[in-house]
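Student: I would like to go through the terms used for this model and see what each one rests on. Where do we start?

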Amino acid sequence: LKSNPSNNEEKEAQTQLTKSDELQRLHSQALSAYQQEDYEAAISLLDEILAVCVWDAELRELRAECYIKEGEPSKAISDLKAAAKLKNDNTEAFYKISRIYYQLGDHELSLSEVRECLKLDQDHKQCFSLYKQVKKLNKQIESAEEFIREGRYEDAISKYESVMKTEPEVTVYSTRAKERICHCLSKNQQATEAIKLCTEVLQLEPTNVNALKDRAEAYLLEDMYEE
């Protein structure tokens, strides 16, 4: 403005300058809320800043962290995906997205995101370690499903037992493995075992339709029509 003064532009510049000060104030409040573990307040402040600073990758990563702490993984994924596009070679964002998908039980999407990380840096230790784990689990689940399609239920059961050994920590995988084993037992006319296992699954997930259907089939085999 000093080089080319004009009233209109001066007003606009003053407005932007005031807004800039305001955003910096909001930024330090957001950081402070994050440090005090008040993630809800931090998210609300970051929403205000990101409405203006749409392309700020670091702010998106910070908001994603808050979403993770608040138990809102899908919102975190959307911020991390934006951050991965906004910042070159953002291996950290791909790693975090892959981990979230893995925790949610979406092993296929987890595998595809961790591959993106390794494309950027094949020596990335965390990504490589996660890649090995997800790839192994993915392969076991795929071959178990292949056995089910072929009617090889014993083999499928054994493969799903391996899945539970490969990932004992994330319960979504063991629950899904039990659900599929129950399906195999039911198809294999092993009604008593099927009923027991499906009941276990339904205690964890009362609305699991597949477990309900497979348990119903097993009850039919046992002539337990009321059940």
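Tutor: With burial: buried means under 20% relative accessible area, exposed over 50%, and partly exposed in between, using a 1.4 Å probe and protein chains only. The model is predicted, so local features need pLDDT of at least 70 and side-chain atom pairs count only at pLDDT 80 or more, while totals for chains, interfaces and linings use all residues. Residues are numbered from 1 along each chain as its sequence is written, and side-chain values use heavy atoms, leaving out hydrogens and water.

Student: Why is Asn138 called buried?

Tutor: Its relative accessible area is 8%, and the cut-off is under 20%. Asn138 is therefore buried.

Student: Which residues is Asn138 in contact with, leaving aside neighbours within four places in sequence?

Tutor: His107, Glu108 and Leu111, where contact means heavy atoms within 4.5 Å. Asn138 itself is in helix α7 (residues 125–149); helices are DSSP runs of H or I with at least four residues, numbered from the N terminus.

Student: What makes Tyr102 and Tyr173 an aromatic pair, and a tilted one?

Tutor: Rings of Phe, Tyr and Trp (its six-membered ring) pair if their centres lie within 6.5 Å; planes under 30 degrees apart count as stacked, over 60 as edge-to-face, and the rest as tilted. The structure holds three aromatic pairs. In this one, the centres of Tyr102 and Tyr173 are 5.2 Å apart with 35° between the planes, so the pair is tilted.

Student: How do you know that this pair links distant parts of the chain?

Tutor: Tyr102 is in helix α5 (residues 91–104) and Tyr173 in helix α9, 71 residues apart. Both tyrosines are buried.

Note on methods
Helices (H or I, at least four residues) and strands (E, at least two) are DSSP runs, numbered from the N terminus.
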